[in-house]
Amino acid sequence: MNYLVIKGHKEVAECLSRESGAAPPVDLTTIEARMHVRRALMAGEVDVAMAHVIESNPRLLEKDKGLTFALKVQKLVE
């Protein structure tokens with residue numbers, strides 16, 4: 001299930017969850033937002049990725065200082 005979530009296969013993860021009765025590790029409605037962030041980071045667009053994070057969860061960067069630091073380091077590297 002984790003593999004499906006990480007790779008962005010929302011429909012397959014939903015089907016597996018339904019068929020197996022296992023709860024998904026995350027809210028499956030967030031997969032699309034996660035994939036937007038991932039695509040932006042893979043393209044080297046850290047500012048766009050940060051904007052997607054803020055759009056999907058406005059307080060996440062305030063709460064998760066590790067994520068904020070990692071994104072800033074990635075921006076510096078880019």
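Analyst: In α4 of this predicted model, the buried residues are Val46, Ala49, Met50 and Val53. They sit on the same side of α4, because they cover an arc of only 100 degrees around the axis. The spacing fits a general rule. An α-helix has 3.6 residues a turn, so residues three or four places apart point the same way.

Next, the cover. The buried residues of α4 are covered by elements including α3, α5 (60-63) and α6 (65-77). Ala49 shows part of this in detail. Leaving aside residues up to four places away in sequence, Ala49 touches Val37, Ala40 and Leu41.

Now the core. The largest nonpolar core has eight residues: Val37, Ala40, Val46, Ala49, Met50, Val53, Leu61 and Leu71. At least two residues of this core come from each of α3 (31-42) and α4 (46-56). α4 gives the most, with four residues. Another core, of six residues, lies apart from it; Leu4, Val5, Ala13 and Leu28 are among them.

Last, the pocket. The largest pocket has a volume of about 260 Å³. Its lining includes Val53 and Ser56, along with Val37, Leu41 and Leu71. α4 supplies at least two residues of this lining, and so do α3 and α6. The largest share, five residues, comes from α3. By class, the lining has seven nonpolar, two polar and two charged residues.

Terms used
Residues numbered from 1 in each chain as written. Predicted model: local features only at pLDDT ≥ 70, side-chain atom pairs only at ≥ 80, totals over all residues. Heavy atoms only, no water. Core = buried A, V, L, I, M, F, W, Y, C linked by side-chain atoms within 4.5 Å. Buried < 20%, exposed > 50% of the residue type's maximum accessible area, 1.4 Å probe, protein only. Contact = heavy atoms within 4.5 Å. Arc of directions from axis to C-beta. 1 Å grid on protein atoms, 1.4 Å probe; cavity = no way out; pocket = protein on both sides within 12 Å on 5 of 7 lines; lining within 4 Å. Points joined across faces, edges and corners; volume = space filled by probe spheres on them. Nonpolar A, V, L, I, M, F, W, Y, C, P; charged D, E, K, R; others polar.
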